[in-house]
Amino acid sequence: MGSLYPMSTVQHIIAGTETAGSGTGLGPIFNPATGEKIGDVTMGGGAEIEAAVAAAKAAQPAWGDTSPAKRARVMFALRALMVEHADEIARTISVEHGKVHDDALGEVQRALEVVDYACGIPELLKGQFSRNVGPGIDSADERQPLGVVSAITPFNFPVMVPVWMISMAIACGNAVILKPSERDPSSANLIHKLFAEAGLPDGILNVVHGGKDAVDTILDHQDIAGISFVGSTAIAEYVYKRGTAGGKRVQALGGAKNHMIVLPDADLDQAADALMGAGFGSAGERCMAVSVAVPVGQDTADALVEKLAPRVAALKIGPATDADAEMGPVITAAAKERIEGLISEGEREGAEVVVDGRGFSLQGYEGGYWVGGTLIDKVTPEMTVYREEIFGPVLSVVRATAYDEALKMVNDHEYGNGTAIFTRDGDAARDFANRVQAGMVGINVPIPVPVAHHSFGGWKRSIFGAHGMYGHEAVHFYTKLKTVTTRWPTGIRSGAQFNFPSLD
Ligand code: NAD
């Protein structure tokens with residue numbers, strides 16, 4: 001297939017052709033491990049979105065009319081290509097994102113699982129039929145594609161999140177305009193390349209790079225019927241409000257602050273290991289990262305912090321090319337500055353920085369955007385470091401005196417993406433699952449990302465809109481319900497009827 005690197009300028013792909021568009025401007029792409037500029041991305045706007053919508057509109061009717069079984073064949077071919085090229089896809093992710101290779105491979109795997117699910121699209125789109133809803137009258141439900149939809153995606157999963165959206169939207173018969181993150185845009189072009197090789201017709205997937213200008217054109221465009229967005233809460237809310245004001249169907253998934261409650265009866269070594277992976281994997285830049293540990297009881301808290309501190313201090317930090325590295329850099333210089341600023345703010349507000357990742361530097365990679373693993377104890381719900389999503393390798397410990405206080409903390413937070421409880425007590429776990437205000441709940445599972453035949457989505461200000469990603473939710477989001485009621489009047493068989501038609 002050939003690597004996309006070295007590449008100087010990442011271009012749009014419209015109707016199957018790479019294009020610089022109107023060349024409104026370029027955005028820089030950096031290698032977060034070194035801080036070096038490694039390329040540019042063409043920043044599109046109104047003209048490029050218009051061209052992509054025209055291509056999508058022209059191609060979609062035939063694709064929407066293609067039998068689901070034939071659309072599934074493209075998904076099967078895509079699956080095979082993604083498996084064959086998994087290593088290369090992971091490397092493309094890491095160069096611009098910075099995550100370590102195994103983590104990038106994990107991202108490819110979670111993308112693949114949704115492609116697997118999309119392979120079953122004939123079964124998923126199968127309608128319902130009721131015979132004799134009235135005399136000689138039958139009713140059938142079917143689900144038809146929306147038409148042209150858009151996917152607007154974040155930097156932290158440059159393959160997984162776009163593939164979650166695109167594979168389901170396309171399998172359902174839509175055409176898609178993907179507007180990826182401008183921080184790590186190359187993965188989107190690689191995804192396009194794989195879809196094209198898998199046999200997807202030109203114009204069904206279009207990639208327009210850019211930022212706010214491109215997004216605003218999407219939000220207002222009358223020929224785009226649906227928008228899937230994943231990103232920060234402020235932008236998710238903006239996308240939802242502006243998109244729905246224009247009559248579109250919008251699902252907008254936002255930020256998170258995921259708590260993990262540790263009850264006194266939990267296996268603390270297991271809990272500490274779980275917190276390490278969930279808090280520091282991908283340098284904490286995951287919407288399902290655990291960023292707050294809530295041990296219940298002073299003894300539990302003291303013992304947990306004692307177990308965590310040496311583990312956090314010993315984190316192996318390095319570039320994706322280092323096979324031993326457990327986590328890489330953060331995405332930009334601005335992100336590093338913001339994360340370090342929030343740690344300092346927590347300290348000013350009275351929290352105790354037990355392991356301090358500020359000022360971390362790596363020999364040979366001094367220009368990279370590194371933040372060391374950070375553990376902050378005695379954080380309280382009033383502190384900025386608790387209220388805000390940090391999106392970095394920072395784990396806060398908020399001490400609770402009782403289970404109810406811990407539960408209330410989770411429920412009072414503005415975000416409700418994921419959450420977890422570690423305990424050996426089935427009754428407490430069951431109560432937690434029932435009463436907690438979050439969309440994805442783990443019982444002794446720190447990152448409860450649902451599998452592809454369930455659906456992914458948070459509650460509260462972690463989501464705007466009624467549908468989650470993938471699973472049945474995606475089928476409903478990317479299709480419109482149509483109910484056809486049919487009566488064949490008697491004629492040839494029994495002669496004409498002249499009474500007014502009724503269902504009785
Ligand atoms: P972001 O909100 O900065 O960007 C997301 C997308 O919005 C990008 O494509 C970007 O180009 C676009 N965008 C940015 N500013 C815009 C503006 N002013 N107007 C219109 N469009 C704009 O998010 P990010 O930094 O790329 O990603 C990290 C965030 O995404 C975190 O908050 C994380 O929690 C969240 N996230 C959530 C989930 C989830 O499923 N809930 C999954 C992954 C990431």
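Here are some notes on this predicted model of a protein chain with its ligand.

1. Confidence first. The protein chain averages a pLDDT of 96, and 97% of the residues score at least 70. For the complex, the predictor gives an ipTM of 0.98 and a pTM of 0.96.

2. What the record says. UniProt, in an unreviewed entry, lists residues 28-484 as "domain: Aldehyde dehydrogenase". In the model, that span is 42% helix and 21% strand.

3. The ligand site. Which residues come nearest to the ligand? Of the 27 residues around the ligand, they are Pro154, Gly231, Ser232, Gly255 and Cys287. Sorted by class, the shell has twelve nonpolar, eleven polar and four charged residues. If you're looking at the site on screen, keep both domains in view: domain 1 (10-254 + 462-483) and domain 2 (258-443) each supply at least three residues to the shell.

4. The nonpolar core. The largest nonpolar core has 153 residues, and Val176, Val262 and Leu275 are the ones with the most contacts inside it. Helix 6 (residues 160-171) gives the most to this core, with ten residues. Like the ligand shell, this core takes at least three residues from each of domain 1 (10-254 + 462-483) and domain 2 (258-443).

5. Threonine 483. You'll find this residue in strand 23, which covers residues 479-487. Is threonine 483 buried or exposed? Threonine 483 counts as exposed because it has 11 C-beta neighbours inside 10 Å, and the cut-off for exposed is 12 or fewer. Glycine 127 is 356 residues away from threonine 483 along the chain, yet their C-alpha atoms are separated by 9.5 Å.

6. Alanine 225. Where is alanine 225? Look in the loop between helix 8 (212-220) and strand 11 (226-230). Alanine 225 has 18 C-beta neighbours inside 10 Å, so this residue counts as partly exposed; buried would take 20 or more.

Notes
Residues are numbered from 1 along each chain as its sequence is written. This is a predicted model: local features need pLDDT of at least 70, side-chain atom pairs count only at pLDDT 80 or more; totals for chains, interfaces and linings use all residues. A residue is near a molecule or strand if its C-beta atom, placed from the backbone, lies within 6 Å of it. Ala, Val, Leu, Ile, Met, Phe, Trp, Tyr, Cys and Pro count as nonpolar, Asp, Glu, Lys and Arg as charged, and the others, Gly among them, as polar. Domain bounds come from an automatic or database domain assignment. pLDDT is the predictor's confidence in each residue, from 0 to 100. UniProt positions are given in the numbering used here, feature names are shortened, and annotations may be inferred rather than shown by experiment. Helices (H or I, at least four residues) and strands (E, at least two) are DSSP runs, numbered from the N terminus. A nonpolar core is a set of buried Ala, Val, Leu, Ile, Met, Phe, Trp, Tyr and Cys residues joined through C-beta atoms within 7 Å.
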